[in-house]
Amino acid sequence: MMNEQDIEAIKVLLASPKKIVIIPHRNQDGDSMGSTLGLYHFLIQLQHEVTVISPNEFADYLKWMPAADKVLLFEENHEACEPKLNEADIIFTLDFNAFHRTGEFMGSFLEKLDRTFIMIDHHQLPDDYAKYMYSDTKMSSACEMVYHFITQLGYENLINSTVGTCLYTGLVTDTGSFRFSSTTSTTLRVAASLVDKGVNSAQIHNNLFDTSSYNRLQLLGKALQNMKLMPEYKTSYITLTQNELDSHHYQKGDTEGFVNYGLSIDGIDFTAIFIENKPEGIIKISFRSQGDFDVNQFARNYFNGGGHINAAGGKSTVNIEETVAKFIKIVKETKK
Ligand code: 5GP
Ligand code: MN
């Protein structure tokens, strides 16, 4: 729950029409998209002027979401975005904990911006930029937090099927369809109450998971063939080079969920996927674990990243061979 004093102050703020901007993290996922659009569909019912500004373009598998077509993209269209941000009475930042998570370009703009920020986020070690902060690492998803936030404000009646569809999406994607240990009885009650409000769970799962291209599945096949095991360290990892992506006509979002296969092998409790991104000159890395192994700390310590205890990400600027060699060395040194 958000602190009661902050809730009271935000109630006062929202009592009259405001200019509001909502920002998710860069390279959006289902939770950032669902929480920002869910909050958007709630706030417009209170007659606010609301704009969602995504740092960059998001994947096709999220484009079905209600009002996804209204989202502005900072990196592609900053001329339209900057006035919105400069004039905003309130800026919500959702599903991230530090301005740099919006990327270098938007992050450096936000650093200089003197506005009232409200953070709703479930990542470890949040930065201190927000006047009102709802940060809880035990939460399954930012979407679950937006549900609690709206309820706490006393507006549960405004959670209609549109708001609900958005929020349900992030519940599903951030909990791996309600199977990760972050799924609490409260998470399931929130999901149930959204279904009561008219959300079509089967349709959302279908939109998210049954809309792959043939190329994407062939790329998954390649990723699985590339998987390597380090059984003595209960570790596995996958690599995908830019050439492999190109030869499968890679589209943004195609590798979503691949990392989880590394954990599905018996006896493995830590996995990583290394994806070469030649245009950005980086290797993007995702880490996943089961149990106590803290991948947030691992990503922070060695790969310039962060996240949650069992799901984190990072990046590397040396080539993919060197990045993997570094990973293997660290695993051997730090993990028994
Ligand atoms: P994914 O591996 O699905 O991209 O991300 C897993 C989790 O780690 C998400 O909560 C995501 O926000 C976080 N994350 C991913 N990449 C980074 C990164 O480069 N830096 C930080 N701080 N967090 C990341
Ligand atoms: Mn999230």
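Ala, Val, Leu, Ile, Met, Phe, Trp, Tyr, Cys and Pro count as nonpolar, Asp, Glu, Lys and Arg as charged, and the others, Gly among them, as polar. This is a predicted model, in which local features need pLDDT of at least 70 and side-chain atom pairs count only at pLDDT 80 or more, while totals for chains, interfaces and linings use all residues. Residues are numbered from 1 along each chain as its sequence is written, and chains are lettered from A and ligands numbered from 1 in the order in which they are written.

**View 1. The shell around ligand 1.** By class, this shell has two nonpolar, eight polar and two charged residues. A residue belongs to the surroundings if its C-beta atom, placed from the backbone, lies within 6 Å of the ligand. Those residues are His25, Arg101, Ser286, Gly305, Gly306, Gly307, His308, Ala311, Ala312, Gly313, Gly314 and Lys315. Strand S11 (306-307) and strand S12 (311-316) are the elements that give two or more residues to the shell; the largest share, five residues, comes from S12. Helices (H or I, at least four residues) and strands (E, at least two) are DSSP runs, numbered from the N terminus.

**View 2. The open sheet of six strands.** The strand order is S3-S2-S1-S4-S5-S6, with parallel pairing; two strands pair if DSSP finds at least two bridges between them. At the edges, strand S3 (72-73) and strand S6 (132-135) each pair on one side only. Strand S2 (residues 49-54) runs parallel to S3 and is joined to S3 by two bridges, and Leu73 in S3 is the bridge partner of Ser54.

**View 3. Helix H5 across the sheet strands.** Helix H5 (residues 142-152) lies across strand S4 (90-94), strand S5 (116-121) and S6, and runs at about 120° to S5. Axes are lines fitted to C-alpha atoms, for helices over the stretch in contact (C-beta atoms, placed from the backbone, within 7 Å). Angles run from 0 to 180 degrees between N-to-C directions.

View 4. Phe178 counts as partly exposed because 14 C-beta neighbours lie inside 10 Å, whereas Lys234 is buried, with 20 other C-beta atoms within 10 Å. A residue is buried if 20 or more other C-beta atoms, placed from the backbone, lie within 10 Å of its own, exposed if 12 or fewer, and partly exposed in between.

Notes. Two residues are in contact if their C-beta atoms, placed from the backbone, lie within 7 Å.
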